[in-house]
Amino acid sequence: MAFVETKQLKKYFKTPGGTLHAVDNVSISIEKGETLGVVGESGCGKSTFGKTLMKLHEPTSGEIWFDGVNIAPLGPKEFKPYRSRIQMIFQDPYASLDPRMNIRSLIAEPLTVLGGMKDKKEIAKKVDELMNSVGLARRLGNSYPHELDGGRRQRIGVARALALNPEFIICDEPVSALDVSIQAQILNLLQDLQEERGLTYVFITHDMSVVKHIANEIMVMYLGQAVEKCNSKELFRNTLHPYSKALLSAIPVPSIHVERKPIPLQGELSSPINPKPCCRFAVRCPYATDQCRSEEPELREYCPGHFVACHRIGEI
C-alpha cells in the first residue's frame, strides 16, 4: 500500500438548490517522499479535495489511507495523533495568519497547541531553527504579517507547517499570490525541504508550468472529478483528455520561434449541483457525442500508468 491513498473519496455539500458534488469518486496513490500535483481551473474541487484529505472537511464517503490506517472514519480524538503528521500550507499567506500575532508567536503556536512544548527557552530555540530553515531573518521575529511582503508571509506559513515535523504536507496553491521571482524561491524551498526531510506533498495549483516543475504525478480535475492522471513527464508528452490539452495549450512559451495557439473552451460550465449522469466536460468539449451527453465516462487505464476519463480516447 502507498503512503497516502484515497479510494472513491467524496465530499458533497447541501445547498438550497440541491447537493453540490465538490469532490466525486477521487482515488489517488502517493508513495512516500513523492509529490502529487492536482491541477484544474477555479471551482474544480482542488482545494476541497486537499481540505478533505486533511479532514478539515469530513468526507461524505470513501476512504483516506495514511501510513496504512484509514483515517476517514476517525473522530477528533482518534485523529489527533495524526494531526501533527499531516499539515497544510494555505493559499493566501495573509488571510491564513493572525494579524495580531508577531512572527515568532505565529511559528510558536503549533509547538504549544499541538506539540505540548512549555519550556520558553526550548520553544525559542525551535522557532529560531524553523525561521532559519525557511530563510526568515531573526530580526523579523517581532514583526507582524502586514509589515512583510508576500514571500516572507508565505515562508511563515511553511514554517508553521514544518513546526511539528510532519510527514505529509498539502500545499494549496502556495505560490499563486506571489510574484514570479518569489514563486521560484518558495518552490525551490519546498523541494529542498522535501529532500532534507523526506516529505510527501500534494501540490494544488492551476498553473501547469508550476506543477511540471515540482510534481512526480499529476491529476487533472474537472468539476469534482479526476479526468486524467499519470506521471508528470507522460502528461506533457502524451496528453489525452481534451480538457488537459486545453490547459497545456495556455502555458506561455518563452521563445519567439515557437508558436502555440491556445485551445478556446466555449460554452457554459455544467452545474456541480445535482449533476446529470454524463461527461461533465461535454458542454465545452468540441469532440462531444451523444454518448458523452448521456453516459458518464469511467477513469480507465489507456496505457501503463496513464488513466483517462473520456469516451473518445483513440478517436481524437
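This is a predicted model: local features need pLDDT of at least 70, side-chain atom pairs count only at pLDDT 80 or more; totals for chains, interfaces and linings use all residues.

Visitor: Okay, which residues are buried in α6?
Guide: In α6, the buried ones are Q183, I186, L187, L189, L190, Q191, L193 and Q194.

Visitor: And what covers the buried residues of α6?
Guide: The cover includes the strands β3 (35–39), β6 (86–89) and β8 (200–205), along with the helices α4 (120–133), α5 (150–162) and α7 (208–214).

Visitor: How far apart are the end C-alpha atoms of α6?
Guide: They are 26 Å apart. That agrees with what you'd expect, because 18 residues (180–197) at 1.5 Å a residue should span 26 Å.

Visitor: What follows α6?
Guide: G198 does, and its phi is positive, near 65 degrees.

Visitor: Let's switch to T200. Where is it?
Guide: T200 sits in strand β8.

Visitor: Is T200 buried or exposed?
Guide: T200 counts as buried, because its relative accessibility is 0%. Leaving out residues up to four places away in sequence, T200 touches several others, among them F3, I30, G33 and F168. With G33 there's a further detail: a polar atom of the T200 side chain lies 2.8 Å from the backbone nitrogen of G33.

Visitor: New topic: how many cavities of 30 Å³ or more are there?
Guide: The structure has 1, and the volume of the largest cavity is about 60 Å³.

Visitor: Which residues line the largest cavity?
Guide: The lining includes H241, P242, F281, Y287 and R312. By class, it has 9 nonpolar, 1 polar and 1 charged residues.

Terms used. Residues are numbered from 1 along each chain as its sequence is written. Side-chain values use heavy atoms; hydrogens and water are left out. On a 1 Å grid over the protein atoms alone, a cavity is a set of points where a 1.4 Å probe fits but cannot get out, and a pocket is an open set with protein on both sides within 12 Å along at least five of seven lines; lining residues have an atom within 4 Å of a point. Grid points are joined across faces, edges and corners, and a volume is the space filled by probe spheres set on the points. Ala, Val, Leu, Ile, Met, Phe, Trp, Tyr, Cys and Pro count as nonpolar, Asp, Glu, Lys and Arg as charged, and the others, Gly among them, as polar. Helices (H or I, at least four residues) and strands (E, at least two) are DSSP runs, numbered from the N terminus. The expected span of a helix is 1.5 Å times one less than its number of residues. Buried means under 20% relative accessible area, exposed over 50%, partly exposed in between (1.4 Å probe, protein chains only). Contact means heavy atoms within 4.5 Å. A polar contact is a pair of N or O atoms within 3.5 Å; within protein, one must be able to donate a hydrogen and the other to accept it, and residues adjacent in sequence count only if both atoms are side-chain atoms.
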